[in-house]
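User: I would like to go through this model by question and answer, with the cut-offs stated as the terms come up.

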Amino acid sequence: MRLAPYPSGALHIGNARMLVLNDEYVKRYNGRLLLVYDDTIGATKDAIENDPNAKYIIPEAYDLIREGLEWLGIDYDKNNVIYKSDRVKIYQNYAQDLIQKGEAYVCTCDATVFREKYKKVGKPCPCKELSIDVHLDRWKNMLDGSYEEREAVVRINTGMDQKDPALRDHVIMRISDAEHPRIGTKYRVWPILDFSWGIDDHELGVTHIIRGADLQKEGFMEHYIWDLMGWEPAAILLYGRMRFSNEFILSKTLARQKINTGEYESWKDPRTWSLQSLEARGIQPDALRESLLDLGMSQSGISFSEKWIYAKNTKLIDSDANRYWFVEDPVKLDIINLPKERYVSTPSLHPSYEERGTRLIELKTKDHKASVYISRLDTKIQMSRKETKVRYPKFSEGTRFRLKDLFTVEIQSVHPKKFEARFLTEKVEPSIRKIQWVPYESNVKVHVLKPTGVITHGKAENTIKTVKPGTIMQFERYGYVKMQKSQKNGLYCYFTH
RNA sequence: GCUUCCGUAAUGUAGUUCGGUCAAGCAUGCGAGGCUUUCACCCUCGUCACCCGGGUUCAAAUCCCGGCGGAAGCACCA
């Protein structure tokens, strides 16, 4: 079997299904998995230079792809990595052979004219009438540069009377003067996907192909070629297309553009949905793998939900993720009537694993007063996730709540920018609302990059200063977060989910 | 328009090849409860489905026909 990524950027969540399915199939039947970079040049030089949306190969993509495969644990044959760009001569030879046999011809019709005038009505174009010698001449002209880009193509003679318009005398070779990142301008006549794979799946000994249903036509074309050559056909299995929710933009080309303009910080930006970005966020490879495997080989189109990954990921990371307190959009809360001079809170790092120990958060009082930060969200109407259930009231005079693992207070007064409360008791009442807090005097700024690209700001307890980059932790009642780095203006984290 | 593929609950999937064991399994979601100084995790219980209409048959989610619905292809992209 084989993986055939196009090196225009890092692999993303949409490509991952192909990877995982192939990998799993090979493992199950003890097969071999080839990595074949499908790095033929598609667009013309003209398009690449003038059309910002043109697909093209970027040199760094080869490594980005390899990184992604490694992260996902795809077990491909690392000693036998293949580049289609090394094999162009092979396709050219086969194409010439087909022309010689009258199974292919060189067409000089304009693409639009061919489509409108001939393909749509199922009539052959005038080129097809010409002799094999003329076509061989034209073929030479393609190779030696006498023809410009788009002036001529090689079409395979599947027949203009094919029922399916998609199959009528499809192009198999075309001209591009674009420079290839690996082999430069060594070749100018490049194969189309259908043709190159018709050749390679045979030449490389591929017996089974798993690909998306959008490549169904390519399967027909390959079969046509195998028949023509008298080759043993490979088995082709298709899986359905995945649609992604929200404003998922799964385009490597677009991601590349945004990285270039600086709108995204790198391939790690969560909006690329690249495998690199998932790793950066703290998604476990197995969470992705299992979610994708759950979809099976169904050919129906599915709306993919990232929540499936999150659900699996939560189960994988929860036991490792230590708990910390973080308040998003902090507001000050002044507390009065404090009887003691010092309060110490020692919440455990993980309630299910007490043996990991506790954190220590200290709140000092002065003249029986102290201040903490709480999240603005908690001061507004709080709807429980179960919407039908508890609806915590907006903070107003008399509202009682507990600063978690500290003490219970009651709101005395509400000001635009702060709240004042009075100490009630240290005794825990099981049913009272508990909220996270951090000391006003001692805390650390934290910036969290959300999957939408928005960065939110807040304050966390000081103890997270010791958390190492790359660690996944849980901000209680907020979500899981992966520590990235310490910056001058505070700590920087990626939101996991 | 032409061609092909698909159609099981809110979402996804198992079962359809060789009709009965499927009054339909699983996961996520949702709901109830338990645990808990997190609306986390974990545990228990519950909830919702075979696109429609015919036909074949003792028996159909499974086979046949016809509808309807959805997706993909019809690029000198991959």
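User: Which conventions apply to the numbering and to the values?

Analyst: Residues are numbered from 1 along each chain as its sequence is written, and chains are lettered from A, with ligands numbered from 1, in the order in which they are written. This is a predicted model, in which local features need pLDDT of at least 70 and side-chain atom pairs count only at pLDDT 80 or more, while totals for chains, interfaces and linings use all residues, and side-chain values use heavy atoms, with hydrogens and water left out.

User: What separates the centres of domain 1 and domain 2?

Analyst: Domain bounds come from an automatic or database domain assignment, which for chain A gives domain 1 (1-84 + 195-317), domain 2 (87-191) and domain 3 (321-497). Taken over C-alpha atoms, the distance between the centres of domain 1 and domain 2 is 28 Å.

User: How many residues does the contact take from domain 1 and from domain 2, and what area is buried between them?

Analyst: With contact meaning heavy atoms within 4.5 Å, the contact takes 29 residues from domain 1 and 29 residues from domain 2. Buried area is the accessible area (1.4 Å probe) that two parts lose on being put together, summed over both. Carbon and sulfur atoms give 69% of the area buried between domain 1 and domain 2, which is about 2600 Å².

User: How many salt bridges are there between domain 1 and domain 2?

Analyst: A salt bridge here is a side-chain nitrogen of Lys or Arg within 4 Å of a carboxyl oxygen of Asp or Glu. Arg-182 and Asp-39 form such a pair, with their closest N and O atoms 3.9 Å apart. Between domain 1 and domain 2 the count is three salt bridges.

User: Which element gives the most to the side of domain 1 that touches domain 2?

Analyst: Helices (H or I, at least four residues) and strands (E, at least two) are DSSP runs, numbered from the N terminus. The elements that give two or more residues to this side of domain 1 are helix H2 (45-50), strand E3 (82-83), helix H7 (193-203) and helix H8 (216-229). With seven residues, the element that gives the most is H8.

User: Which residues are joined into one network by salt bridges that share partners?

Analyst: A search of the whole structure finds 37 salt bridges, among them the one between Lys-120 and Glu-116, at 3.3 Å from N to O. Lys-120 is exposed, with a relative accessible area of 56%, and Glu-116 is partly exposed, with 39%. The network formed through shared partners joins Arg-2, Asp-201, Arg-211 and Glu-222.

User: How many of the eleven residues of H7 are buried?

Analyst: The buried residues of H7 include Asp-194, Trp-197 and Asp-201. H7 is largely enclosed by the rest of the structure, because the number of its eleven residues that are buried is eight.

User: What is the phi of Asn-337, and what is that of His-368?

Analyst: Most residues other than glycine have a negative phi. Asn-337 is found in the loop between strand E14 (330-336) and strand E15 (342-345), and His-368 in the loop between strand E16 (361-364) and strand E17 (370-375). Asn-337 is partly exposed at 47% relative accessibility, and His-368 is partly exposed with a relative accessible area of 47%. Both phi values are positive, that of Asn-337 being about 65° and that of His-368 near 65°.

Conventions:
Buried < 20%, exposed > 50% of the residue type's maximum accessible area, 1.4 Å probe, protein only.
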